[in-house]
Amino acid sequence: MSTALDPRLIGPMHQNDEDDEEFFDAEEDEEGEEDEEGGEDSDEEPTYSTSDSDDIVKEVKANFFARDRKPKRMVCPFSYPFRANPCLSHAEPKSRKDVIEKHLLKVKSNGGDEQHHLNDPLWQSFDVVWFLTPRPKFTPKTRRRAKGSAQSRYYQKRKEKQEKEEADAKRKLDEGIIGEDEYKKYLIGDKRRKFIVETATERRVRAEMQSQMESVREEMETRLLDERKLRDDIEKKLQDLRTQGTSSGNRPSAENARAIASLESARKELDDSKISDETYKELLQDHAENVVNFWADDGFLEATDQTYLEYHGFEWPQDVSAASFYTFATLLRPRSDWDGQIRSDSSRRHMQKELREYVESERENVAGSDEDVAALNDIVQTFTSSCDLIKEGEARAAEMSPEGAQRWLDEQDKLWNAAKVTFQSRFKLDSQPPLHHFRLVNDFADTWRAQKVAWQTHLTARAQATGLV
Ligand SMILES: [Zn+2]
């Protein structure tokens, strides 16, 4: 075993240059925490390398950052408790590696002392050489770190550019100067993803509405054409009957006169039934508005394109919790059952079914948007997991002492009451007396029935008129 000192361990190259020191400071502190946790490991005797000093230096350099190799604590290795005459001045952990490094260098340049004999094989151990070896300048880790901060600087620059230019680009997009693809270039991260989803959704909704309106328009046109043709036929027939009477120089025959009279009456019936049908339809429109306004305020129907839940600021719970379970319950259980066994198996089954039906119908509305479908699935998942949580809580409560079980029940009652209060204040479903509700439903039903009769009358009038021409 060589006891000669490697000159590289004591030479002036040991002094880290200023830049290096600063660069490594953060890492030193960060790793210091772990060093202290594993402190007791140093009570075990380390294995000494028997290779010559060149090899141990190479080994230390190659494993400088290896957590299982480097010294567990920032203490002088000569202070390890198993030693006969341990170093006392540096036995307590220091915050920095270079404190120990300077201590060892000083002892060494003074020719060693009682605790640190120069011929001690410990000088060739991994731990001591580690303290005496300057940190390698570039490791893959530090290189990644340097690169990472450069990337974040780039991101920062892009973000600043985006904020400056986005407003301008949005204006150009609105004015049709640039297209969506060009506009997208000014967006990053969340904003960019959101824009892409929004435009896709908007395009889909626009296409659906266009095709729906197209088919409604076609149907109305066909109906209008039929009706117009019927009227034209009636006018033409009347014209014919009247001319027949005069062109022959004779007075119109009695048969002719009768035909003219019935045609004129059919025409009048057609007009009247049409007017009453349309009047009832207009009334129905008003009533429909009243019915909707009974559940929501005036702003909902006309001023927004939001769903009922959105308009009332409701969002499905996203975290799995007992509170979430009760929020679900306010929407999924009839209010007449609110005072019953809200957590029972049967109650939970009904809620599952209700939510499944809701999600199924919503899924049709959002067809084509993966994101929306995923959000709907999340709602079901959150509810199912919250149900499980309640079930587990119930099972645990059954095992508790009467006092413990009562505490659990009280806690659940508190959560359920809070959910009910939130529901009542959000949706305001009971803001009018029931009689008001009944009158509204009566008016609506009366008009609906009257309109149905008027429409039937109109169809009969049309059939009669058609039979005459
Ligand atoms: Zn020491």
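Student: Among contacts between residues at least 6 apart in sequence, what percentage join residues at least 24 apart?
Tutor: It's 69%. Here two residues are in contact if their C-beta atoms, placed from the backbone, lie within 7 Å. Keep in mind that this is a predicted model: local features need pLDDT of at least 70, side-chain atom pairs count only at pLDDT 80 or more, and totals for chains, interfaces and linings use all residues. Residues are numbered from 1 along each chain as its sequence is written.

Student: Okay. How many helices and strands does the protein have?
Tutor: The protein has 16 helices and zero strands. Both are DSSP runs numbered from the N terminus: helices are H or I with at least four residues, strands are E with at least two.

Student: And what percentage of the residues count as buried?
Tutor: Of the 469 residues, 13% do. A residue is buried if 20 or more other C-beta atoms lie within 10 Å of its own, exposed if 12 or fewer, and partly exposed in between, with C-beta atoms placed from the backbone.

Student: Let's pick a pair of helices. At what angle do H13 and H14 cross?
Tutor: The axes of H13 (residues 345-365) and H14 (residues 370-399) cross at roughly 175° and come within 10 Å. Axes are lines fitted to C-alpha atoms, for helices over the stretch in contact, and angles run from 0 to 180 degrees between N-to-C directions. That makes H13 roughly antiparallel to H14. As for the labels, angles under 35 degrees count as roughly parallel, over 145 as roughly antiparallel, 65 to 115 as roughly perpendicular and the rest as oblique.

Student: Which residues in H13 and H14 meet?
Tutor: From H13 you have Arg348, Leu355, Val359, Glu362 and Arg363, and they meet Val373, Leu376, Ile379, Val380, Phe383 and Cys387 in H14. By class, that contact has eight nonpolar, no polar and three charged residues. Ala, Val, Leu, Ile, Met, Phe, Trp, Tyr, Cys and Pro count as nonpolar, Asp, Glu, Lys and Arg as charged, and the others, Gly among them, as polar.

Student: What about H12 and H13, how do they cross?
Tutor: The axes of H12 (residues 322-332) and H13 come within 10 Å and cross at roughly 70°. That makes H12 roughly perpendicular to H13. Phe328, Ala329 and Leu332 of H12 make the contact with Met351, Glu354 and Leu355 of H13. Five of these residues are nonpolar, none polar and one charged.

Student: Back to H14. Which of its residues are buried?
Tutor: Leu376, Phe383, Ser386, Cys387 and Ile390 are. The buried residues of H14 pack against H12 and H13.

Student: Why does phenylalanine 383 count as buried?
Tutor: Because there are 25 other C-beta atoms within 10 Å of phenylalanine 383. Not counting residues up to four places away in sequence, phenylalanine 383 touches Phe328 and Leu355. The C-alpha atoms of phenylalanine 383 and tryptophan 316 are 9.3 Å apart, though 67 residues separate them along the chain.

Student: Changing topic: where is threonine 422, and why is it only partly exposed?
Tutor: Threonine 422 lies in H15 (residues 402-427). It counts as partly exposed because it has 15 C-beta neighbours inside 10 Å. Threonine 422 and threonine 327 are 95 residues apart in sequence, but 8.5 Å apart in space, C-alpha to C-alpha.

Student: Which residues are buried in H15?
Tutor: Trp416, Ala419 and Phe423. What covers them includes H12.
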